[in-house]
Amino acid sequence: MPRTPIEPAVPRLTGTRAVITGGSDGIGLRIAMRLAVAGAEVVLPVRNPGKGESAVARIREAAPGARVSSRRLDLSSLESVAALGDTLRGEGEPIHLLINNAGVMTPPERQVTEEGFELQFGTNHLGHFALVAQLLPLLRAGRARVTSQVSIAANQGGINWQDLNWERSYHGMRAYSQSKIAFGLFGLELDRRSRVHGWGVTSNLSHPGVAPTSLLSARPELGRGGDTTEVRVIRWLSARGLIVGTPETAAMPALYAATSPEALGGRFFGPNGIGHMGGAPAEQRLFSRLRSEAEAARVWQVSEELTGSRIAHESSSA
């Protein structure tokens, strides 16, 4: 029989504004639904407006009367990121929760973002880095909790500093690992810099374990015409309650990291089952690739240079 892990308790979130990338389906949609049920206003920045409106309707079914809306965002375009920043800053409402959940995984052939960055590095990491830079005034105003979704792939490989955009030798899985390592290092560095400069922002990391989501499913826009063998195996195991998680359990670590009073900044949360692939959410030891503060500072500096996004260094009292 499939296991039923305990879902983390979510406090009442009335008066809280939550922004969730990748919230139109899969893990992100489940997180958004749970936050809306708890009373949060939910904002879904999405690439596909049709999917965004469908997600809004589904959330309202689960949480009648919920304040939920979608905005346009393509994380593979820094222009789109800047436009969303302009929109949300123009609305002037503090952001209390930011869950950086969206991502792409292993295009069979190398693809690039609008600015020419390798697609996974540019979308999973640089797009989110630029988004945080755009939203920092609102995050500071809301004394926000920022949760960045990494992956167990961040426990392998490394950052290809000699060829960050994989122009000389593309390998889909290694490029994916790089994007999640860089993203995780950034999330931890954000917490450190917030404490040093008094921004009032708390930042932590989560990972969903292994579950049957759309990341490895057919994605024609990524050049993947059919489901991968990996996702078919994961579905088979998940349906039988074996080793891996479910879409429901995969959403829990980010939900816990974003809302639990016990989930402190600079920490890492994931499933507590075998191999951390499934199970209830719990704090975990940082992957070895995420422990170097020097590497994190380097990621921050390079990300500022590549995106042209400077994250203010002044303290809140300046």
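Leaving aside neighbours within four places in sequence, Ser 194 is in contact with Trp 199, Gly 200 and Val 201. The structure is a predicted model.

**Ser 194**

- Ser 194 belongs to helix H5, which covers residues 172–197.
- The relative accessible area of Ser 194 is 2%, so this residue counts as buried, the cut-off being under 20%.
- Val 201, one of the contacts of Ser 194, places its backbone oxygen 2.6 Å from a polar atom of the Ser 194 side chain.

**The sheet**

- The sheet is open and has 8 strands, in the order S3-S2-S1-S4-S5-S6-S7-S8, and its pairing is mixed.
- Strand S3 (68–72) and strand S8 (281–283) each have a single partner strand; because they stand at the edges, one side of each has no neighbour in the sheet.
- From one strand to the next, the twist averages 20 degrees.
- Strand S4 (residues 97–100) pairs with strand S5 (residues 145–149) in the parallel sense, over 4 bridges.
- Within this pairing, Ile 99 has Thr 147 in S5 as its bridge partner.

**Helices on the sheet**

- Helix H1 (residues 26–37) lies across strand S1 (17–20), strand S2 (41–46), S4 and S5.
- The direction of helix H1 runs at about 175 degrees to S1.
- Helix H3 (residues 78–91) also packs on the sheet, where it touches S1, S2 and S3.
- The direction of helix H3 makes about 140 degrees with that of S3.

Technical notes
Residues numbered from 1 in each chain as written. Predicted model: local features only at pLDDT ≥ 70, side-chain atom pairs only at ≥ 80, totals over all residues. Heavy atoms only, no water. Helix = DSSP H or I, 4+ residues; strand = E, 2+ residues; numbered from the N terminus. Buried < 20%, exposed > 50% of the residue type's maximum accessible area, 1.4 Å probe, protein only. Polar contact = N/O pair within 3.5 Å; in protein donor to acceptor, adjacent residues only side chain to side chain. Contact = heavy atoms within 4.5 Å. Pairing = 2+ DSSP bridges. Axes fitted to C-alpha atoms, helices over the stretch in contact; angles between N-to-C directions.
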